[in-house]
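Subject: Model handover

Hi,

Here is the structure I promised. Please open it alongside this note; my findings follow below.

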Number of protein chains: 2
Amino acid sequence: MHPLTMKTETPSASSSPETILIIGGVAGGASAAARARRHSEKTRIVIIERGPDVSFANCGLPYHIGGEIPDRSELALQTPDSLRQLLNLEVRTLTEATRIDRENQTVHLRNLTTGTEEDHPYDHLILSPGAAPLRPPLPGIDDPRILTLRNLQDMDRILTQAATTERIAIIGAGFIGLEMAEQLTHLGKSVTLIELQPQVLPQLDPEMTLPLLAELRDHGVDLILGDGIEAFSPEENGIAARLKSGRWLHAGLIILSIGVRPENQLAKDAGLTLGSRGHITVNPFQQTSDPAIYAVGDACEGIDPILGTPAAIALGGPANRQGRTAADHIHQKQNARPYPGSIGTSIVRVFAQSAGITGWSEARLKSLGHPYQTITVNGPSHASYFPGSQTITLKILWSQSDGRLLGAQAVGKDGVDKRLDILATAIRGRLTIDDLAHLELSYAPPFGNAKDVVNIAGFAAGNLRDGHLLPTPTLAQAGPQIIDVRPAATAAKQPVPGAKNIPLPQLRQRLNEIDPTQPVHTICQMGKTSYFAARILANHGFNAHSILGGAHHQLHP
Amino acid sequence: MHPLTMKTETPSASSSPETILIIGGVAGGASAAARARRHSEKTRIVIIERGPDVSFANCGLPYHIGGEIPDRSELALQTPDSLRQLLNLEVRTLTEATRIDRENQTVHLRNLTTGTEEDHPYDHLILSPGAAPLRPPLPGIDDPRILTLRNLQDMDRILTQAATTERIAIIGAGFIGLEMAEQLTHLGKSVTLIELQPQVLPQLDPEMTLPLLAELRDHGVDLILGDGIEAFSPEENGIAARLKSGRWLHAGLIILSIGVRPENQLAKDAGLTLGSRGHITVNPFQQTSDPAIYAVGDACEGIDPILGTPAAIALGGPANRQGRTAADHIHQKQNARPYPGSIGTSIVRVFAQSAGITGWSEARLKSLGHPYQTITVNGPSHASYFPGSQTITLKILWSQSDGRLLGAQAVGKDGVDKRLDILATAIRGRLTIDDLAHLELSYAPPFGNAKDVVNIAGFAAGNLRDGHLLPTPTLAQAGPQIIDVRPAATAAKQPVPGAKNIPLPQLRQRLNEIDPTQPVHTICQMGKTSYFAARILANHGFNAHSILGGAHHQLHP
């Protein structure tokens with residue numbers, strides 16, 4: 001007898017293949033499916049997707065609207081057919097999962113085209129439903145010219161409507177709102193951007209977003225901050241929006257980008273544990289309160305690895321890697337490696353400026369009551385003597401007790417992404433401000449600096465901790481005695497209100513012009529020379545403080 | 001009596017101020033002086049510099065030669081006068097330190113202009129003498145048309161000589177040799193680049209430098225690898241160089257960039273402990289074997305923080321931060337924070353390409369005998385669906401025992417510096433390959449990827465460690481059964497020698513065309529699809545291996 005024919009199935013093996021059922025076929029769901037297939041050719045993997053598309057590049061949607069990605073097909077990373085061919089998946093688009101029967105391990109499905117229903121069995125269920133754009137129940141909200149942007153169909157609707165009008169209002173100045181403002185301006189539209197907070201990009205601390213304001217205004221975007229919408233009403237050739245301030249806005253298209261809510265109905269109905277904001281609670285292997293059910297992506301909530309609080313982060317990178325983790329755990333069980341938690345690294349381009357954040361902001365640390373220190377510095381994107389160098393403003397925040405980095409924010413015209421990534425990596429490595437001072441980063445004049453702005457932030461942080469630097473965070477907090485140590489010509493061209501000019505090279509000879517009985521606050525262009533001046537003054541017995549970030553950071557047009 | 005007049009000096013305070021004497025006023029020395037002054041206005045700080053300049057941008061020298069930094073004065077970061085004014089330093093240029101009297105704590109100085117000599121006292125001495133370009137004692141080496149590049153005067157000499165000739169030979173294809181080849185080509189010169197090793201940029205593993213070869217050749221640089229100079233001889237209108245191979249080269253200017261040796265004579269004569277290659281041995285506070293004497297910069301040797309071996313790294317960033325550490329230790333003693341050691345992060349631009357390294361290369365790990373694993377992957381510099389994305393090839397090396405990252409190398413046309421900096425930070429944080437998989441980097445289509453190439457390297461490394469990926473490092477190592485899984489048109493356009501084409505979507509249907517008794521090696525364009533194919537094959541029982549980096553990395557023009 002040929003040995004191969006003797007092989008029989010062991011009693012423990014099921015006669016039908018194991019089934020992984022995945023609800024939602026975009027970032028997290030598609031990643032989970034791909035990884036699961038690499039673990040096994042035998043598993044049956046089924047993706048259920050309510051929309052017509054799977055695995056599309058939703059971060060690219062604004063850029064097709066603005067024409068920067070001209071070819072719409074670039075955004076379809078995979079199609080149901082390509083997933084079938086490449087990964088041997090069963091993909092059911094335009095199909096809705098309406099109910100989970102946890103006891104029988106089935107999901108009730110409804111085909112949105114034919115209306116047919118069925119109960120689909122699973123051995124492992126992965127929920128990747130994503131999040132839905134918020135649409136507040138305001139009067140007139142159902143007007144078809146009030147649109148949100150989440151998928152390719154939304155994008156097509158916005159493109160169609162945008163073609164009919166020159167005036168577009170965007171409500172919400174977060175990441176997507178800012179990208180849309182940029183792209184619609186590229187299209188030649190007249191754009192009004194309305195934000196309830198008194199700043200754009202409320203994820204960042206307000207002072208870090210000021211360069212974006214100037215950039216938006218320079219490109220003709222009409223900014224309305226600290227105001228919200230109360231009601232919409234159709235009018236001839238457009239739609240009017242009434243603001244809380246009483247002002248009326250008129251536009252041919254209104255884009256709502258005020259945030260998202262997790263698509264949690266299926267999980268909620270199934271009795272899975274939810275977090276305080278409605279996200280599906282998961283463990284580090286992405287398992288929900290039912291170990292046969294995983295949740296990944298925008299709808300789930302894990303633990304923040306920095307301070308251990310619950311964290312729900314709606315970003316593509318985490319969604320992909322959470323999907324991978326779920327698939328690993330299904331296949332490898334206790335040998336799988338846990339998902340370490342999301343720290344919320346994100347970035348946005350606003351015309352020539354870019355800005356971003358990783359980890360905790362000052363506002364969030366304050367609301368948590370965690371003791372922290374912070375510093376803001378400027379530095380060139382690469383050697384300032386090499387052409388094309390741009391100033392980056394970098395803010396870091398660290399734990400007061402041990403100097404561990406908790407968060408960072410950066411803004412500038414070049415190299416912001418690099419610094420955020422360095423600092424995101426530093427957070428993952430639990431590095432301290434002293435470690436930042438000594439990071440050894442790649443340096444050649446076109447690429448970096450012998451002392452990178454990240455090093456400078458580490459130096460400044462250490463100086464603050466050690467008492468060498470007494471910082472004055474804002475010009476408004478400076479007392480009456482302000483010394484501008486820039487060259488006289490610079491100080492005359494862009495005067496600092498209330499400051500007396502003593503250029504640094506003259507400082508030691510002109511100490512008698514400074515009142516030693518009063519605190520003195522020094523300011524310069526970038527926040528470096530003012531620190532040098534404050535050290536000179538402190539070492540001569542003055543109560544000397546340096547105004548952070550200099551005129552570059554403190555004075556905005 | 002006015003209270004201020006009652007203040008008298010305490011017996012422990014010396015009547016004359018403490019003196020810090022610094023030998024060498026460029027990167028490390030200038031940084032030490034600046035930091036020391038911020039600690040105290042009272043310390044006497046004296047800089048002795050053999051050359052005429054202090055604190056110049058030596059990394060910028062090639063770029064002024066090529067005209068990319070048009071203004072020479074941009075390179076003079078400080079002048080003796082500006083250091084006097086800003087930092088109240090005593091700066092003596094064109095002055096040589098010839099002897100240290102450790103017992104009496106004096107240094108013998110000679111003014112190179114006037115010839116006057118003196119013994120200068122110090123309380124703390126900081127040696128920052130730098131390194132000198134190697135000039136091997138070959139016949140004819142003293143020809144004035146054989147130049148090295150280390151300071152502004154060298155630069156001026158090269159510019160003067162380059163103006164007289166169209167033919168320039170560069171000996172040594174390290175960082176400076178490559179920068180000079182690029183910049184002299186920009187000037188329209190006919191450039192020959194000679195390197196003793198069979199590769200350019202010998203700091204990197206050879207396969208990672210192949211894209212640079214193509215780039216140099218595309219720009220008309222004549223490359224001679226694996227050959228060295230035996231002798232020089234003057235000839236009419238130029239100089240001839242005889243190579244070891246017997247070949248003769250003719251040029252109007254020869255630039256030697258074959259490395260540097262530490263300027264250690266002063267330290268050696270003073271009996272300070274030196275390392276095996278002649279560098280001045282220092283502790284983590286940059287103290288030499290004499291605690292009153294510090295050494296910083298290219299001439300000193302500390303400890304590699306990755307594997308604990310002695311490390312002498314000739315780079316500007318470390319020099320600056322070592323100078324700062326020495327000044328801190330003089331002022332703060334045991335409260336100062338140690339210098340953590342240098343990992344040798346460096347980068348070079350070669351026309352449109354850039355390449356760099358952080359930490360240990362494969363060649364160095366092999367010579368040390370440290371057990372490691374390595375993987376090479378490709379990924380886009382930012383979302384491939386967004387215009388302008390370029391492919392980055394990334395190699396990482398990690399400790400076999402615990403997965404800790406030991407080094408990384410990258411090459412590509414965009415974003416190489418960012419990935420090196422992320423990985424340099426990861427090394428500092430002692431991150432593992434599993435941590436790399438989950439680094440949360442900034443992602444928006446113009447800046448990054450939902451799965452960055454660093455994440456992909458972490459994924460691939462974990463797959464290798466866990467046995468999911470059997471890598472074939474080079475096409476040459478692949479056995480006879482190679483399957484090219486790219487689309488038929490791509491495979492036809494750029495065929496892989498000896499490979500059979502089965503596009504991935506057809507693979508499951510064409511398994512019968514593959515011999516299950518022989519190992520099978522899959523290849524694709526970027527090294528990702530071939531891994532997918534190898535997983536399919538492995539899960540169907542084949543002994544399947546994936547060729548790393550795909551045709552992009554394995555096939556070079």
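First, a definition: axes are lines fitted to C-alpha atoms, for helices over the stretch in contact, and angles run from 0 to 180 degrees between N-to-C directions. Helices (H or I, at least four residues) and strands (E, at least two) are DSSP runs, numbered from the N terminus.

This is a predicted model: local features need pLDDT of at least 70 and side-chain atom pairs count only at pLDDT 80 or more, while totals for chains, interfaces and linings use all residues. Residues are numbered from 1 along each chain as its sequence is written, and chains are lettered from A and ligands numbered from 1 in the order in which they are written.

**The helix pair between chains**

The axes of H10(A) and helix H11 (residues 416–428) of chain B come within 8 Å. They cross at roughly 20 degrees. On the chain A side, Asp417, Lys418, Asp421, Ile422, Thr425 and Ala426 of H10(A) meet residues of H11(B). Contact requires C-beta atoms, placed from the backbone, within 7 Å. The residues of this helix contact divide into four nonpolar, two polar and six charged. Here Ala, Val, Leu, Ile, Met, Phe, Trp, Tyr, Cys and Pro count as nonpolar, Asp, Glu, Lys and Arg as charged, and the others, Gly among them, as polar.

**The whole interface**

Each chain is well represented: 71 residues come from chain A and 71 residues from chain B. The largest share of the chain A side, nine residues, comes from H10(A). That side divides into 34 nonpolar, 19 polar and 18 charged residues.

**Domains and sheet**

Chain A is assigned domain 1 (16–131 + 261–335), domain 2 (146–258), domain 3 (352–465) and domain 4 (471–554). These bounds come from an automatic or database domain assignment. The C-alpha centres of domain 1 and domain 3 of chain A lie 35 Å apart.

Five strands of chain A form an open, parallel sheet in the order S27-S31-S30-S28-S29. Strands pair if DSSP finds at least two bridges between them. Strands S27 (471–472) and S29 (499–501) of chain A are the edges, each pairing on one side only. S30 (residues 520–523) and S31 (residues 544–547) of chain A pair over three bridges. A:His521 stands opposite A:His545 in S31(A). Helix H14 (residues 529–539) of chain A packs on the sheet, touching S28 (482–484), S30 and S31 of chain A. The direction of H14 makes about 180 degrees with that of S31(A).

Best wishes

How values were computed. Two residues are in contact if their C-beta atoms, placed from the backbone, lie within 7 Å.
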